[in-house]
Every structure is written in C-alpha cells, then in structure tokens.
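Please open the model in your viewer and keep the selection panel at hand. The stops below say what to select next and what is there.

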Amino acid sequence: MSAFGQIVGRDVRLALRQGGGSYWALIFFVLTVTMFPLSVGPDMQLLGRIAPGILWVAAVLAAMLSLDRLFQADYEDGTLELLTLAPLSLELTVLAKCLAHWITTGLPLAILSPLLGILLNLDASAYPVLVLSLLLGTPVLSMIGGIGAALTVGIRRGGVLLSLLVLPLYVPTLVFGVLAIQGHIDATGARPHLFLLSAVLLAATALSPWASAAALRLNIE
Amino acid sequence: MAGLHRFANPGTFVRISAKVLPWLAGLTAILIGVGLYQALLVAPPEAYQGNVARIMYLHVPSAWNAMMIYGAMAVASATWLIWKHPVADVAAQASAPIGAMFTLTALLTGSLWGKPTWGTFWVWDARITSVTIMLFIYFGYIALRAAIEDGERSAKAGAILALVGSVNLPIIHYSVVWWNTLHQPASVLRAGGPAIVASMLVPLLLLACGFTTYYLTLLIWRMQREIVGRRVRSLRVLQAQG
C-alpha cells in the first residue's frame with residue numbers, strides 16, 4: 001500500500017474510532033438544519049424555497065467546525081513533524097489528510113442530505129443535483145479549510161480565527177453549489193454551475209496543497 | 001529589479017523615507033484640499049440626483065484605493081516570500097489596516113448614498129457584496145498577524161494568506177456577479193449612465209490621487225514605526241540574553 005493510501009487509511013480509522021468524533025459533524029449538520037424550521041416557522045412552501053441555501057450553509061459550517069481535527073492532534077503529539085521528514089512530499093501528505101477529512105465529513109454529509117431534503121420539503125427531483133453539488137463542493141471545503149487549519153495550527157484557541165480566515169474563501173463554493181440546485185428547481189439548468197463547481201474543485205486540488213504545506217512547514221520549523 | 005534591492009535595507013529605507021515623508025504629506029494636503037474644493041464648490045450638481053451625488057467624490061476613490069491596496073499587499077507578500085526582504089513584509093503588514101479602512105469608508109459612503117437614491121441603506125448588489133467579503137479578508141489577515149507572536153512566522157503566515165486571498169478574490173467577485181444576476185431581476189446600478197463631464201472628472205481624479213498619496217503617507221509613517229519597534233524588540237532580546 002502506498003504511503004498516500006496509508007495516511008488516508010490512518011486518518012479515516014482515527015476519525016471513525018472512539019474519540020475521533022467524525023459523526024459529531026454529521027449530528028451538527030442535522031441539528032443546524034433543524035434550527036431553520038424552528039426559527040422561520042413550519043411553512044413548508046417557504047422551507048422548500050430556501051432549502052438549498054439551508055443545506056449548503058449547514059454543510060459549510062459542519063465542514064468548518066471539524067477542520068481542527070485535520071492537523072491539531074498530529075501537531076500536538078509530534079506526528080506532523082515526522083510526516084514532514086517522511087519521503088512522501090508534504091504537499092501529497094496534506095492532500096491525503098484532506099481526502100481523509102472529506103471521507104469522514106463531506107461524503108457522509110452528501111449521502112445524508114436527501115434525508116434532510118425531505119424534512120425541508122425540497123423538490124424531490126432535485127435530490128441528485130443536491131448530492132452531486134455536495135460531492136463536488138465538500139472536497140473544496142476540506143482543501144481550502146486545510147489552508148486555514150495549517151495556518152492556525154500553532155495558535156492556541158485558533159478556532160474562531162480559523163473560521164474568520166476560511167469562511168470568506170468558501171463563498172464561491174457555496175454560491176455555485178446553491179445556484180446548481182436552484183437552477184435545477186427553476187429549470188434554468190444546473191449544468192453550468194456544476195461545471196463551475198468542478199472547475200473550483202480542480203483549481204483547489206492543484207493549488208491548495210502548496211499553500212497548506214508551506215503553512216505547515218512554517219509552523220513546524 | 002537589482003537597482004531596487006538597495007532600498008530593501010531597513011536602514012536605507014528609514015533614511016530615505018524620512019526625507020520623502022514631509023513632501024508626501026504636503027502633496028496629500030494639496031491634492032485633497034483642491035480636490036474637495038473642486039468637488040464641493042466648483043463641480044455642478046448631478047443632473048438627476050442633485051447635490052447628493054457629491055458623495056461619489058469620496059466613495060469612488062475609497063473603493064479604488066481599497067482594491068489597489070489589496071493588490072499592493074499581495075505584491076509585497078510575494079516579494080517577501082521570494083526575496084525575504086524585511087521591508088516588504090513591513091509594507092504588507094502596514095498596508096492591511098489602511099486597506100480595511102478604505103474598504104469600510106467605501107461601504108459606509110455607499111450606504112449613505114444608497115438611502116436617498118435607491119431608498120435603502122443596503123442592497124445585495126454584486127459589487128457591494130464582493131467588497132464586503134474583501135473587508136472580511138482584510139480582517140482575517142489582520143487577526144492572523146496579531147495572533148502569531150513570532151515575527152518571522154507571522155510574516156510567512158500573513159504572506160501565504162494574502163496570496164491565497166488574491167487568487168480567491170477574483171473568483172469570489174465573479175461568483176457573486178453570477179449569483180446576483182440570477183437572483184435579482186435588474187441591477188440597481190445604472191449600466192453606462194451619462195458620460196461624466198470634465199468638471200466632475202477633475203475633482204474625482206484629484207481625490208483619487210490624493211487618497212493614494214494619503215495611503216502612501218500613512219504607509220511610510222506606519223512602516224517607520226514598525227521598523228523602529230522591531231529594532232527595539234530585538235535589542236531587548238539581545239539585552240535579556242546578556
């Protein structure tokens with residue numbers, strides 16, 4: 001098994017076992033979605049109209065809150081230092097860790113989302129677009145979040161700072177994700193937005209590991 | 001480029017900037033003074049909006065400078081990452097609060113202008129939204145720099161964030177433009193509009209230049225203080241080490 005796969009496997013196992021807390025993000029996702037009907041009222045028509053926005057905002061928040069898991073524990077116990085010395089380049093290590101983060105938060109979140117679509121009276125024909133937009137968008141959240149997590153890894157109580165850094169950078173992903181679902185619902189077409197989301201995903205895959213790795217190096221030296 | 005490197009020495013910078021600063025401050029006072037006189041007394045009231053439109057003379061230069069300063073910050077950050085010139089990092093760090101101030105000024109004046117002309121303080125227009133997000137990116141940069149005590153690490157983290165932001169800002173801008181055209185029936189800002197006459201263009205350009213020299217004055221002033229502050233800090237460290 002390659003070093004890349006080893007790191008992905010290790011991080012996924014750590015997240016799934018007791019204390020890893022990967023399902024906390026999922027419960028948080030469901031809980032945030034439940035807050036919306038409680039705050040805007042049980043009007044099913046209104047909820048159906050704002051459902052794409054609610055689901056995406058909840059997904060963004062859930063992905064963001066679990067970001068500290070990416071590097072924090074490894075930084076504290078010194079694993080990160082060994083990973084920077086490993087033959088696998090730090091850029092690929094970072095990519096592997098982001099992939100593991102996505103497998104344990106973004107992926108289950110996307111699979112779970114149609115269920116929450118039912119709660120919010122989202123148009124049933126939009127479920128495939130909803131899942132697809134989350135499948136394309138949540139990896140971007142993990143990778144851009146990785147930059148923020150790497151920058152704040154050495155800072156005590158960096159959690160709020162992390163969200164301050166990362167949320168503005170999440171705007172394009174959020175916008176294209178919501179527009180894709182909305183485009184499907186009002187029949188203007190989801191495809192252009194899904195393509196744009198794919199473009200953002202490709203750009204983030206190509207560029208973000210460099211920034212994250214540079215940020216990690218400066219925090220480990 | 002090689003010729004510019006000799007200005008990268010903090011000592012040289014402090015010496016030369018001390019000579020430049022008074023002239024720059026004087027130029028700023030003249031440009032803003034003449035510009036404001038032209039804008040408030042000489043320029044004719046706008047044909048449709050009357051005197052309200054005079055807020056444009058503050059709003060537009062602020063918005064231009066807010067964007068330009070982010071660009072300057074990104075260039076300074078890249079310069080620091082590539083050549084490790086300490087002055088470049090000082091410039092980036094000193095630019096951020098000034099850029100945030102211009103962004104905030106652009107938003108506030110725009111909001112005050114919006115009330116009498118559009119009937120509301122705030123609309124989710126594409127430009128307003130992307131400028132608001134730029135303000136948050138400025139805040140994030142300032143907060144990150146403040147959170148890291150170690151100078152070198154703070155500089156590098158800030159440079160990485162500024163460059164990530166500069167890649168992201170155009171994407172954010174276009175995503176917001178598309179989001180806006182799909183959500184709102186028509187843009188509130190008139191596309192095109194009446195061509196601007198010379199008597200209004202002159203004060204606008206004077207104030208735009210005046211705001212830029214104001215930025216440069218503040219920047220040099222802040223940079224001088226930061227360089228002296230860093231020197232004091234390293235002297236204290238040396239003293240403590242005996």
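**First stop: a helix pair in chain A**

Select α3(A) and α8(A), where α3(A) passes α8(A) in a right-handed crossing, a crossing being right-handed if the near helix is turned clockwise from the far one by less than a right angle, and left-handed if anticlockwise. This is a predicted model, in which local features need pLDDT of at least 70 and side-chain atom pairs count only at pLDDT 80 or more, while totals for chains, interfaces and linings use all residues. Residues are numbered from 1 along each chain as its sequence is written, chains are lettered from A and ligands numbered from 1 in the order in which they are written, and side-chain values use heavy atoms, with hydrogens and water left out.

Helix α3 covers residues 44-65 of chain A and helix α8 covers residues 127-151 of chain A; helices here are DSSP runs (H or I, at least four residues; strands are E, at least two), numbered from the N terminus. Their axes come within 11 Å and cross at roughly 30°, with axes fitted to C-alpha atoms over the stretch in contact and angles running from 0 to 180 degrees between N-to-C directions. The two helices are therefore roughly parallel to each other (angles under 35 degrees count as roughly parallel, over 145 as roughly antiparallel, 65 to 115 as roughly perpendicular and the rest as oblique).

To see the contact (heavy atoms within 4.5 Å), show A:Leu55, A:Trp56, A:Ala59, A:Val60 and A:Ala63 of α3(A) together with A:Leu130, A:Ser133, A:Leu134, A:Gly137, A:Thr138 and A:Leu141 of α8(A). These residues divide into eight nonpolar, three polar and no charged, where Ala, Val, Leu, Ile, Met, Phe, Trp, Tyr, Cys and Pro count as nonpolar, Asp, Glu, Lys and Arg as charged, and the others, Gly among them, as polar.

Now select A:Leu95, in helix α6 (residues 90-104) of chain A. Leaving aside neighbours within four places in sequence, A:Leu95 is in contact with A:Phe4, A:Met143, A:Thr205 and A:Pro209. The C-alpha atoms of A:Leu95 and A:Met143 are separated by 7.5 Å, although the two lie 48 residues apart along the chain.

Move to chain B, whose secondary structure comes to six helices and zero strands. Helix α2 (residues 56-83) and helix α4 (residues 126-147) of chain B have axes that come within 11 Å and cross at roughly 40°, which makes α2(B) oblique to α4(B); the crossing is left-handed.

Finally, display both chains: 26 residues of chain B are in contact with 25 residues of chain A. How many salt bridges are there between chain B and chain A? The count is zero, a salt bridge being a side-chain nitrogen of Lys or Arg within 4 Å of a carboxyl oxygen of Asp or Glu.
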